[in-house]
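What follows is a short report for a reader who meets this structure for the first time. It moves between single residues and the protein as a whole.

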Amino acid sequence: MTTGTEARRGTQPEPSAPRTSGTAVMGLAVPRPGLATTLVLLGVYAASRLVTTLFLAVVHALTATAAWAQHDGGPGFAGYLSSWDAVFYREISEQGYPAELPRDDDGQVVKNAWAFMPLFPALVRVVRPVVGGDWLIAAIVMAVLAGAGATLVLHRLMLTRFGARASFWGAVFFCVAPMSFVLQVPYAESLFLLLMFGALLAMTLRRWAWFTVLGVLASVAHPGSLALSAALGLTWLVRLVRDRRATRRDEHEHEHDLDLDLDRTSLAEHLRTWAAGLIVTAAGFAWPVVVAVVTGERDGYFATESSWWRDYIGSDGFVPFTPWFRFGDAMAGWLGVVAVVALLAVVVLGLVRRSQRLGLELQTYTIGWVAYLVAVFLPQQSSFRMLMPLAPLLGDPQLSATTRRVVITIVAGLALQVVAIVLLWTAWPP
């Protein structure tokens, strides 16, 4: 919301970091934002996906007969790529959702397709005839294309806050990050990231129609769109406080020169912001309602999600903001709870220290996403995958300040990607 105060002063609410038009790093001239950058980043993304394919193929070849290899998609490399959540996405795409929640002999809800949103399998179903009818190929094509889009949108998002150099390398780091292999397997992550980054960019640019559309689509692609609503609410609140303080200063300085037309515009901006936030929030809460209506079980969605927790903390039901502490208690008693508190304190301290570099929108989005994870998510192997929406933090200029840091970050990302493929795709679900 640009207020009358800001318009009279000719200033922006949150100044962006200075941008550079071109920088030579590691012998590569970072191109100016535009078509050249887009083509270079697409080339980097394509190369990174080929490297990841090689990693996946080598790990599969070396572990195909290992007793500890737990991937469950079927025999061969195709089955290896179709493991874990991909099994449910295929079921949804080909058969739809079950009318009744499946249960074990004790009457407890077991893992089932209702834990997964419908947008990705629906799009795969549309793409499938185009690629010859093979579901796996269609799913991988969908994931890879969405990942390319996510890379470009992420770069554009980082440019709103960071310089050209930091934004370019931040997008490159995203392509080679430890969990980036998820961008090319039959998971909804790449599609979700594309929509989340797009919605966050729209929020930063105050394009509320785009924010609403992308936020609603994100809510039917993957759990987590409520983080957008939290970010928008926090951003609106901070700006409101700042605007009122600035307005009071101006009223004191110009008591007889108030601009009523600009005040009315500001009110309209408030209304558009609230409308967008309420719609995305409603969409974020809609899926549990859909599950309840179709299955006839009011807590069907939460019972389904909790079925993944049973091996860790039992089945005591879902209470917001308790899973992390219950997990810590189950793993190590009171020491585990203390460890969780200490971890959260470190995260909060890190956000406070980086708040000026991040800017308002990225800071509130990060807070919103972390709050979402603490509220509804159980920390386990998939915790690393659930950190991928925090990729805008890769634009922090400190990561690309020197050639040495760029090289270290890229090499570390690729090395840890191999580790992640072994541990979080071959041995346990990511």
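## Two residues with positive phi

In this predicted model, F321 sits in the loop that runs between helix 13 (310-313) and helix 14 (323-353). The phi angle of F321 is near 65°, a positive value in a residue other than glycine. Such a value deserves a remark because most residues other than glycine have a negative phi. F321 has a relative accessible area of 48%, and it therefore counts as partly exposed, since that class lies between the buried limit of 20% and the exposed limit of 50%.

W84 likewise has a positive phi, of about 60°, although it is not a glycine. W84 belongs to the loop between helix 3 (76-81) and helix 4, and with a relative accessible area of 11% it is buried, because buried means under 20% relative accessible area.

Helix 4 (residues 85-95) contains R90, which is partly exposed at 33% relative accessibility. When the neighbours within four places in sequence are left aside, R90 is in contact with R128 and W135. The C-alpha atoms of R90 and P121 are separated by 6.9 Å, while the two residues are 31 residues apart along the chain.

## A nonpolar surface patch

On the surface, V289, V290, V293 and V294 form a nonpolar patch, and together these residues have about 340 Å² of accessible area. One of them, V290, lies in helix 11 (residues 260-295), and with a relative accessible area of 33% V290 is partly exposed.

The relative accessible areas of the residues discussed above are gathered here.

| Residue | Relative accessible area | Class |
|---|---|---|
| W84 | 11% | buried |
| R90 | 33% | partly exposed |
| V290 | 33% | partly exposed |
| F321 | 48% | partly exposed |

## The protein as a whole

How many helices and strands does the protein have? There are 16 helices and two strands, and of the 430 residues of the protein, 49% count as buried. The protein exposes about 20,200 Å², of which carbon and sulfur atoms supply 66%. Among the contacts in the protein with a separation of 6 or more, 75% are accounted for by residues 24 or more positions apart.

How values were computed:
Residues numbered from 1 in each chain as written. Predicted model: local features only at pLDDT ≥ 70, side-chain atom pairs only at ≥ 80, totals over all residues. Heavy atoms only, no water. Patch = residues over 30% accessible without salt bridge, like charges linked within 9 Å, V, L, I, M, F, W, Y side chains within 5 Å. Areas by Shrake-Rupley, 256 points an atom, 1.4 Å probe, with all protein chains shown as cover. Salt bridge = Lys/Arg side-chain N within 4 Å of Asp/Glu carboxyl O. Helix = DSSP H or I, 4+ residues; strand = E, 2+ residues; numbered from the N terminus. Buried < 20%, exposed > 50% of the residue type's maximum accessible area, 1.4 Å probe, protein only. Contact = heavy atoms within 4.5 Å.
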